[in-house]
Number of protein chains: 2
Amino acid sequence: MSDKTSRLEILRIRGKTAERKRDVVVKEGPVTIFLNDVDLVTLLCSPRNLDYLAVGFMFGEGLIKTKREIKKIFADEKDGAVWVETREGKKLDENILSRRFITTGCGKGLSFVDATGYKKGLKNKSRLRIPASSVTVLMREFQRKSELYRLTGGVHSAGLCDAKRILVFNEDIGRHNAIDKVLGECILKEIKIANPIMITSGRVSSEILIKAARSKIPVVISKSAPTDLAVRLACDLGITLVGFVRGSRMNVYSNGWRIVTEDF
Amino acid sequence: MSDKTSRLEILRIRGKTAERKRDVVVKEGPVTIFLNDVDLVTLLCSPRNLDYLAVGFMFGEGLIKTKREIKKIFADEKDGAVWVETREGKKLDENILSRRFITTGCGKGLSFVDATGYKKGLKNKSRLRIPASSVTVLMREFQRKSELYRLTGGVHSAGLCDAKRILVFNEDIGRHNAIDKVLGECILKEIKIANPIMITSGRVSSEILIKAARSKIPVVISKSAPTDLAVRLACDLGITLVGFVRGSRMNVYSNGWRIVTEDF
């Protein structure tokens, strides 16, 4: 049995016939993140690369920014726990707990994105321009890499690329977890990408856009659809949002000047 | 502009050509649920049927069980807020807040499902059996109903059916929200279905199974994949879990005796 999938006996029905078969199903497990020995959150996820997940989650919550802040990290994939110790011995006071409470699920995070000051700070000024054909090539590589999906039909993938290739790639049963793992891996391995392009298999909602903005990502490309709120945020935050990338077709929802075709 | 979608100007790229077009994108908005005037949670969702969403969410959190407990409910879809007043004037003490904190996202809920007592209480004893052909027919009707998905590619659908037809149906950008709306609608309209079948467009993770168990639903059918934890819970909780329903094909992951084919 792999660390990503379980083999189970299922009943496979095809019209009028049914047969017992062994089939592969993606793993799911609860993982608790402890920050300086205090229980921060429990996530349901694909139980691998838990150190990336913990660091990416904490980055998304504004709890850490760089690897230097982390003194020690230990992930126990078997028991589903990650212990993170920070240099400053950050305490989880009521304040942080209530913030988590409010933003998980999610929402109120948005109100502070609406504050002009915050928006200004996050506005992406990158002058990156990439050919539409590069988006097509990146999505093709992305789909080739998504082996777990092909095997089980049950996971999301996310990655960070430059204009030519995918440099960081992770999978998870959760759309957000996959992105958190990618951002966490970059922090832990101190990977710097000049003009990073985020690629995701999932729908692009406002939370994904905010994560991209915090990570100074100028371009987000997805196989799937965006929401209207994600598009509005992308416009305001200077991010190019490309959806429905399928073969050489795609829809550009915001800041289209970064995507170059022969016509434009 | 409809209450479900926004019209936006996009750049549609097809190979080497690009053209500006009007396109339809699904709406997303933050909605805050107030329970007895206290802010309970903010969710990002499709901002319609917010009363169903609030009641379904509170049911999932164990805060209410029946319509009788609700004294008043008012949903303001424009401003994204729902006020719920309960007869007992339930107070949101620290305890409930911390429970929310722990289960959102989610996870720790599982530990108490593992307690044998809890499992026994939830174990589904329904003797319902349905032909595989009924599953096919229900999924076909379900996909016909999913107009918002066809329009925007950006939402999940969920429903409750008897063996013949879909009786309750809702859509949302969130997999969980769509199910919460369905369960909330049943509570608010006091809809009783003898042997309800839950149908969902989304992947089936453990949280979905727990919601089905709490609602005494014997059969869950999905267009997509389950996780291994969902399958294990379904086995233990006496729930029949059917995935990858596509035409007359489907995979039955647990308690297959409820699905009748000519062979079995």
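E147(A) and K4(A) form a salt bridge, with 2.7 Å between the closest N and O atoms. E147(A) lies in helix α6 (residues 147-152) of chain A and K4(A) in the segment before β1 (5-14) of chain A, so the contact links parts that are 143 residues apart in sequence. The model is predicted.

- E147(A) is partly exposed, its relative accessible area being 41%.
- K4(A) has a relative accessibility of 16% and counts as buried because the limit for that class is under 20%.

**Salt bridges in chain B**
- K4(B) pairs with E147(B) in a salt bridge whose closest N and O atoms are 2.7 Å apart.
- The segment before β1 (5-14) of chain B holds K4(B), and helix α6 (residues 147-152) of chain B holds E147(B), so this pair ties together parts 143 residues apart in sequence.
- K4(B) counts as buried at 17% relative accessibility, whereas E147(B) counts as partly exposed at 40%.
- D162(B) and R165(B) form a salt bridge with the closest N and O atoms 3.9 Å apart; the cut-off for such a pair is within 4 Å.
- D162(B) is partly exposed at 24% relative accessibility, and R165(B) is partly exposed with a relative accessible area of 44%.

**Helix α9 of chain A**
- Helix α9 of chain A spans residues 228-237 and is mostly covered, with 7 of its 10 residues buried.
- The buried residues in α9(A) are D228(A), L229(A), A230(A), V231(A), L233(A), A234(A) and L237(A).
- In an α-helix, residues three or four places apart point the same way, because there are 3.6 residues a turn.
- G238(A) follows α9(A) and has a positive phi, near 75°.

**Second largest pocket**
- The second largest pocket holds about 720 Å³ of space.
- Its lining has 26 residues, and those nearest the centre are F59(B), K65(B), I187(B), R214(B) and S215(B).
- Two elements of chain B, α4 (116-122) and α7 (175-188), each give two or more residues to the lining of this pocket.
- α7(B) gives the most to that lining, with 3 residues.
- By residue class, the lining of the second largest pocket consists of 14 nonpolar, 5 polar and 7 charged residues.

Definitions and conventions. Residues numbered from 1 in each chain as written. Chains lettered and ligands numbered in written order. Predicted model: local features only at pLDDT ≥ 70, side-chain atom pairs only at ≥ 80, totals over all residues. Heavy atoms only, no water. Buried < 20%, exposed > 50% of the residue type's maximum accessible area, 1.4 Å probe, protein only. Helix = DSSP H or I, 4+ residues; strand = E, 2+ residues; numbered from the N terminus. Salt bridge = Lys/Arg side-chain N within 4 Å of Asp/Glu carboxyl O. 1 Å grid on protein atoms, 1.4 Å probe; cavity = no way out; pocket = protein on both sides within 12 Å on 5 of 7 lines; lining within 4 Å. Points joined across faces, edges and corners; volume = space filled by probe spheres on them. Nonpolar A, V, L, I, M, F, W, Y, C, P; charged D, E, K, R; others polar.
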